[in-house]
Each structure stands twice: as C-alpha cells, then as structure tokens.
Amino acid sequence: GKLYWSTSTGASTCMNVDGSQRALGMRLATMAVGLDGTVYSAFYTFNVCVYSGKDESYMGVLAAHLHHVTALVVNLKDNILYSGDYGGAIHAWSCETRKLIDTFEGQPHCVSALVVGMGDRIISACDRSVLMWRGGQRTGEGLGHTADVTSLATSRAGLVVSGSRDGTVRVWSGQDLGAIRIIQARHNHVNTVAVDELGSVFWGSENGDVIVCVAPHGRRIPLYHHVDGATRALAWAPDGTLYVGFSSSGSHPRLCAFGREVSATMVSACNTAP
C-alpha cells in the first residue's frame with residue numbers, strides 16, 4: 001500500500017507502508033488509483049496523466065475534456081475511470097485500454113467531486129447539487145445545499161455524504177439520494193468529508209477543525225484542531241487509519257494520522273509534508 005498526497009502548488013509525495021517517503025515528478029490537483037496501482041492525475045489541465053503504480057513513471061495521457069479536469073475516481077469493480085471537468089462533463093475510460101467509453105453531462109457547472117456509490121452508481125457534486133448516475137443516465141438528484149458542494153464520500157452501508165461551503169454536512173440515501181440528515185458544521189465552510197463502515201460522519205472545515213458525528217446517536221466529538229490553517233483532505237486507509245491533510249499559513253502543510261478508535265487520544269502521528 002502507498003499513500004499519495006500533494007500541496008496547493010501541485011508538489012506530490014508518496015509514502016510507503018514502511019513509512020519511507022519520496023518526492024514525485026507528477027503534479028497533482030486531483031488523483032485516483034486503479035486496481036493495478038496505476039495512478040491517474042490532473043493538475044488544472046484538460047488531460048488526465050497516467051503513471052505506473054510500480055515506480056510512478058509517466059505512461060501517457062487521456063485526452064477528451066474541453067475544460068480543466070477537476071475530479072477523478074476509479075470504479076474498481078468494473079475497472080473504469082471517471083473524470084469530471086470544470087464544464088460539467090463526466091467521461092468514462094477503460095483502465096485496461098485507456099480508451100474513452102462514455103460521456104455524460106449533468107449541469108453546466110464544475111464537477112467538484114466524484115465517488116462510486118452502491119450498485120456501481122456514480123455520485124457527482126456539481127454546483128449546489130449532488131447527482132446520481134447509472135449506466136450513463138442521471139437517476140437521482142440531491143438538493144438542499146445553498147452553496148457549492150466541496151466534497152463527497154460513500155459508505156459500504158449505502159450512505160452518501162456531502163460537505164458544502166454553506167456550513168452543512170448532508171447525509172443521503174445511496175439508493176436514490178433521498179435526504180436522511182442535515183448536520184450543522186458550526187457555520188464554517190466544510191472542505192472535506194468521510195464516512196466509516198458504521199455510518200459515523202467525519203468532516204474538516206476551514207478553521208482547522210476535524211469533527212466526527214458518531215453513529216447511530218449522532219454525538220459530536222472534536223478530534224483535532226489545527227491552529228494554523230484549514231483542514232483540506234480526509235482519506236481512509238485499509239487498516240482503518242484516517243489521514244487528514246491541513247494547510248498552514250507561514251509553514252509547511254501537515255499530514256496527520258488518526259487511529260481507528262474514536263477518542264480524545266486518536267492522534268497517533270503527525271508528519272510534515274514537503
């Protein structure tokens with residue numbers, strides 16, 4: 001297993017399971033990893049760059065977008081890469097042949113996030129809406145956010161979670177995007193969300209908070225507060241570790257690792273990213 005991360009300048013780093021780190025030549029604004037470890041990335045360009053999962057060597061580009069690529073996700077079951085762009089288009093690519101196999105469009109707004117939902121449904125965030133796709137057709141729409149949706153997450157139990165600049169986190173049904181719950185995030189921009197297998201919802205905000213709303217009772221527990229910047233990214237590892245990326249004013253960004261148990265002592269490590 002490997003952990004990839006990047007800074008706002010696009011500088012990227014790879015950390016191996018033994019904790020060793022190395023800087024990479026690729027520039028990342030958004031990325032996804034395929035079934036065989038192939039890395040797909042984009043950095044404010046119309047193309048998706050492809051890199052080897054073995055040594056991160058450059059393998060080529062996927063070119064079809066007419067706007068900057070803003071979101072990537074791989075459906076590991078079907079081995080299909082989905083890429084969304086600033087103009088609202090979503091392209092589907094075969095990871096085996098690297099050929100374009102489908103294109104669909106929802107709204108003429110930036111696709112800010114893409115995730116794979118239950119039953120191979122694709123969930124996209126576009127402007128203030130959460131959209132559901134299946135077989136290239138739009139099958140659901142989640143409405144209610146009053147500002148841009150910044151991030152999406154899905155759980156094995158079928159939940160879809162969205163975070164927005166309106167200061168709310170919304171929980172939706174993975175079947176049809178029916179509204180389940182609204183969580184007020186203390187009137188702070190929500191930059192990133194995550195959800196675990198139990199349905200506990202995590203979010204990070206502009207003021208540096210990391211909060212969990214524990215399932216099923218909904219009790220909130222502050223996990224961490226970064227005093228020098230914003231919470232930018234959340235990512236789960238297969239072993240249950242939650243990695244959190246923070247921006248910092250006047251210093252290097254930080255990457256923190258939280259253990260599986262939800263408690264006041266969850267912070268197990270903090271590393272400084274390049």
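The questions and answers below explain how terms are applied to this predicted model.

Residues are numbered from 1 along each chain as its sequence is written, and side-chain values use heavy atoms, with hydrogens and water left out. As the model is predicted, local features need pLDDT of at least 70 and side-chain atom pairs count only at pLDDT 80 or more, while totals for chains, interfaces and linings use all residues.

Q: How many helices and strands does the protein have, and what makes a stretch a strand?
A: Helices (H or I, at least four residues) and strands (E, at least two) are DSSP runs, numbered from the N terminus. The protein has zero helices and 27 strands.

Q: Why is Cys 14 called buried?
A: Buried means under 20% relative accessible area, exposed means over 50%, and partly exposed lies in between (1.4 Å probe, protein chains only). Cys 14 has a relative accessible area of 0%, so Cys 14 is buried.

Q: Why is Thr 13 called buried, and where does Thr 13 lie?
A: Thr 13 lies in strand 2, residues 11–16. The relative accessible area of Thr 13 is 3%, and therefore Thr 13 counts as buried. The C-alpha atoms of Thr 13 and Met 26, 13 residues apart along the chain, are separated by 8.9 Å.

Q: What share of the residues of the protein counts as buried?
A: Of the 274 residues, 52% count as buried.

Q: How many disulfides does the protein have, and how is this known?
A: A disulfide is a pair of cysteine sulfur atoms within 2.5 Å. By this rule the count is zero. Cys 14, for instance, is in no disulfide, the nearest cysteine sulfur being that of Cys 49, 17 Å away.

Q: What makes strand 24 and strand 25 a pair?
A: Two strands pair if DSSP finds at least two bridges between them. Strand 24 (residues 231–236) and strand 25 are joined by five bridges in the antiparallel sense. Within this pair, Ala 233 stands opposite Gly 245. The two strands form a hairpin with five residues between them, and Gly 240 in the turn has a positive phi of about 95°.

Q: Which other strand is joined to strand 25, and in which sense?
A: Strand 26 (residues 254–258) runs antiparallel to strand 25, with five bridges between them. Here Val 244 stands opposite Cys 256. Cys 256 has a relative accessible area of 0%, so Cys 256 is buried.

Q: What makes strand 25 mostly covered?
A: Strand 25 spans residues 242–246, and five of its five residues are buried. Leu 242, Val 244 and Phe 246 point one way, whereas Tyr 243 and Gly 245 point the other way, and all are buried.

Q: Why are strand 4 and strand 7 said to stand at the edges of their sheet?
A: The open sheet has four strands in the order 4-5-6-7, with antiparallel pairing. Strand 4 (30–33) and strand 7 (58–63) each have a single partner strand, so one side of each is left without a neighbour in the sheet. On average, neighbouring strands of this sheet are turned by 25° against each other, direction ignored. Strand 4 and strand 5 (residues 39–42) run antiparallel and are joined by four bridges, with Ala 32 opposite Tyr 40 in strand 5.

Q: Why is Ser 41 called buried, and with which residues is Ser 41 in contact?
A: Ser 41 lies in strand 5. A relative accessible area of 1% is the reason why Ser 41 is buried. Contact means heavy atoms within 4.5 Å. Leaving aside neighbours within four places in sequence, the contacts of Ser 41 include Arg 27, Leu 28, Cys 49 and Leu 72.

Q: Why do strand 8 and strand 11 stand at the edges?
A: Another open sheet of four strands has the order 8-9-10-11, with antiparallel pairing. Strand 8 (69–75) and strand 11 (100–105) each have a single partner strand, so one side of each is left without a neighbour in the sheet. In this sheet, strand 9 (residues 80–85) and strand 10 (residues 89–94) run antiparallel over five bridges, and Leu 81 stands opposite Trp 93 in strand 10.

Q: How do you know whether the radius of gyration agrees or disagrees with that of a compact globule?
A: The radius of gyration is taken over C-alpha atoms, and the globule rule is 2.2 Å times the number of residues to the power 0.38. With 274 residues, a compact globule would have a radius near 19 Å; the protein has 18 Å and therefore agrees.

Conventions. Axes are lines fitted to C-alpha atoms, for helices over the stretch in contact, and angles run from 0 to 180 degrees between N-to-C directions.
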